[in-house]
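My entries follow in the order in which I made them.

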Amino acid sequence: MGHGSSRPDSGEPSPDADTAEAPVPSRFARFRRRLRFHRSGSDQLPFKNLAAEDFAGIARIEIIGAEMKFKDRWLACLSFGERTYRTDKSDHTEKPVWRSEKKVILERNGPHIARISVFETNRLSRNNLVGYCEIDLWKVLSEDSEDNLEGLSLLDPSSSNTIVGSISISCYVEDPIETEKAFARRVLAVVDYNEDGKLSYSEFTELISAFGNEVAASKKEELFKQADKNGDGVVDMDELAILLSIQQEKESLISNCPVCGENLGKYDKMNDMLHMTLCFDEGTGNQSMTGGFLTDKQASYGWMFKLSEWAHFASYGIGLKSGSSASHILVFDRRTKRLVEETIDRRIILSMRAIYQSKVGLTLIDKGTRDLLRSISEKQGTWMNSPESAKDIPKFIKSFEDQVNMDEVKHPIEYFKTFNEFFIRELKPGARPIAYVERDDIAICAADSRLMAFTSVDDSLRFWIKGRKFSIQGLLGMGTYSNAFDKGCLVIFRLAPQDYHRFHVPVSGTIESFVDIPGCLYTVNPIAINSKYCNVFTENKRVVSLISTSEFGKVAFVAIGATMVGSITFLKKEGDYVHKGDEFGYFSFGGSTVICVFEKDAIQIDEDLLANSERSLETLVSVGMTLGVSRRKQATEEMPRLENCTLGA
């Protein structure tokens, strides 16, 4: 998907031709204009100001080809952090070849797991995810080989023990010291019109002019002599790299990016060089993967996605916009540090919008929707407990094939006699390791869920909960509420139907009480949570448990029912001493929510969870991941880093 040659089109006037009108732009200027045209409307560089100590290198990932078990037209997607890129479609074959590459910035504390997803494209409106693999770029960085060409197994999305094919990946992490040389090589290649690997004086002066630095432009001859170390009358790539490096330490020669024309100097010189390195690859067509996508599912939609965007049938965005109005909810996967997509049937989305996002819906809620939702939940619960419902299990797994991993389920499908038995399935021992199990001063995540965490109720109202007046007193009820919770931390664990629906104890302590609070069964989808017309958390049926701990004081654990969830079952009783990570209970069929409320100044929530929540972005977490550290009894050692924890798949 290159953008063509940088040479002028045939018949175009020479730069040296006489003209009575305005001067004809130089070849480099025309090249830059053409690149800017090709890049318009495409993926913008995901660039931010990066501290030198955080920069680990530029990773080049090339997807070469694959070997699949049947013939089709294939495409592959690369997901890294909050960006996804896709290849072109292959020919109809069982051995697709793409040879598509992308370069990404590798940060020391940023994402380091790249996911490659392979889709078959035999359907008009929806492509099917067939297999995936993951590459740990930190591992690649630690290896000494200059180029890592690997044949990796493609795993079945619903069974990581099943191999569906193989894929060839070339992965290389460019040393930061080599970045400037690589940039110099790219610059030279563009202006080296006779392709001899060297710059004549005229080519060199044109390059300096393109950099947009008036001071440098005024002393081109001096700079040329400075660069031409051996005095042979030309500047080769090494000499150009040395000049750029020396000037970078003094005063940069480059004021504008030669490709996109953007003014440089907003950040430091290292960030300017990174910008130009990636921009050159993007503009010259070396980056042959198409960008501009947030998730691999979005990238796989192809022209149908573009059409739906144009027609406003669907919308994508990060944060509250995607959660409150779109049919595609984007969440941040904490393990891989990438965006993933939670898709909901469009018909359900439309009905939820009608009920929860309008004044008409409010009227319906007040005049009978509560009873209707309860009736639906009761009937659905009866069906899900019937032997006939077991036949729906394979269809359910297929619907969520990339989100339900049967390899970690304790029993095979045949074991479950009803759908509800499968829904409240247990996992194999060790499937959810508990982080720092011996340390009671570190709280853990209570459920496989999409998490929002706030240091106060005020923050939750500003970033997430948009309904009618929400309060801790309204959530906990008079039987459990105390003033100590008013200014405390609030953690929301939202479970989707495809999740493991058993919830666990986040802290160690003694269970003081259980209080049942009757209520509605509204959906816990963000469309309802962000509605102005109802308050899901304080109006839904719920059970509030109070846990007394030595490290966090009292912790309120609230299990909230939802549409299709009429049953909340606890496995512990009042007076029991529980250890963090112990199984606490489960929800029957449907989505549901757990909310934990900590007393003021009791816990320091992990920074990444708070940062995502401030963006109104849910974080996908698993049982056992760290949640935060006690502030009341400071740990005797420094809070452990998340990347050092061993987490479940």
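The entries below go from the whole chain to single residues.

**Entry 1. Ground rules.**
I am working with a predicted model, in which local features need pLDDT of at least 70 and side-chain atom pairs count only at pLDDT 80 or more, while totals for chains, interfaces and linings use all residues. Residues are numbered from 1 along each chain as its sequence is written, and side-chain values use heavy atoms, with hydrogens and water left out.

**Entry 2. The whole chain.**
I looked up the secondary structure and found 20 helices and 27 strands. Helices (H or I, at least four residues) and strands (E, at least two) are DSSP runs, numbered from the N terminus. I then noted that 56% of the 649 residues are buried. For burial I used relative accessible area: buried means under 20%, exposed over 50%, and partly exposed in between (1.4 Å probe, protein chains only). The chain exposes about 28500 Å², of which carbon and sulfur atoms supply 50%. These areas come from the Shrake-Rupley method with a 1.4 Å probe; for residues, only the protein chains shown count as cover. Of the contacts in the chain with a separation of 6 or more, 72% join residues 24 or more positions apart; contact means heavy atoms within 4.5 Å.

**Entry 3. Annotated positions.**
I consulted the UniProt record, an unreviewed entry, whose "active site" annotation covers Asp448, His504 and Ser592. These residues are spread over 145 residues of sequence, yet they cluster in space, with a largest C-alpha distance of 14.1 Å. The unreviewed UniProt entry also places the annotation "modified residue: Pyruvic acid (Ser)" on Ser592. UniProt positions are given in the numbering used here, feature names are shortened, and annotations may be inferred rather than shown by experiment.

I located Ser592 in strand E24 (residues 592-598). Ser592 counts as buried because its relative accessibility is 0%.

**Entry 4. Asp448 and its partner.**
I found Asp448 in the loop between E14 and E15. Its relative accessibility is 7%, so Asp448 counts as buried. Which residues does Asp448 touch, not counting residues up to four places away in sequence? I listed Arg432, Leu495, Asp499, Tyr500, Val621, Ser622 and Val623.

Asp448 and Arg432 form a salt bridge, with the closest N and O atoms 2.7 Å apart. This pair links distant parts of the chain: Arg432 is in the loop between helix H15 (419-423) and strand E14 (442-444), and Asp448 is in the loop between E14 and strand E15 (449-454), 16 residues apart. A salt bridge here is a side-chain nitrogen of Lys or Arg within 4 Å of a carboxyl oxygen of Asp or Glu. I recorded both Arg432 and Asp448 as buried.

**Entry 5. Other salt bridges.**
By this rule I have a count of 20 salt bridges. Arg334 pairs with Asp608 at 2.8 Å between the closest N and O atoms. Arg334 lies in the loop between strand E12 (328-333) and strand E13 (338-343) and Asp608 in helix H20 (residues 607-614), so the pair ties together parts that are 274 residues apart in sequence. Arg334 is buried, with a relative accessible area of 3%, whereas Asp608 is partly exposed, at 28%.

A further salt bridge joins the side chains of Lys395 and Asp392 (3.3 Å, N to O). Lys395 and Asp392 are three residues apart in helix H14 (residues 392-399), so about one helical turn separates them. I noted Lys395 as exposed at 53% relative accessibility and Asp392 as buried at 17%. I also noted a network of salt bridges that links Arg60, Glu62 and Glu101.

Helix H4 (residues 201-210) is mostly covered, with seven of its 10 residues buried. Those buried in H4 are Glu203, Phe204, Thr205, Glu206, Leu207, Ile208 and Ala210.

In helix H6 (residues 220-227), I found Leu223, Phe224 and Ala227 buried. Seen down the axis of H6, these buried residues fall within an arc of 100 degrees, so they line one face of the helix. The arc is that of the directions from the helix axis to the C-beta atoms.
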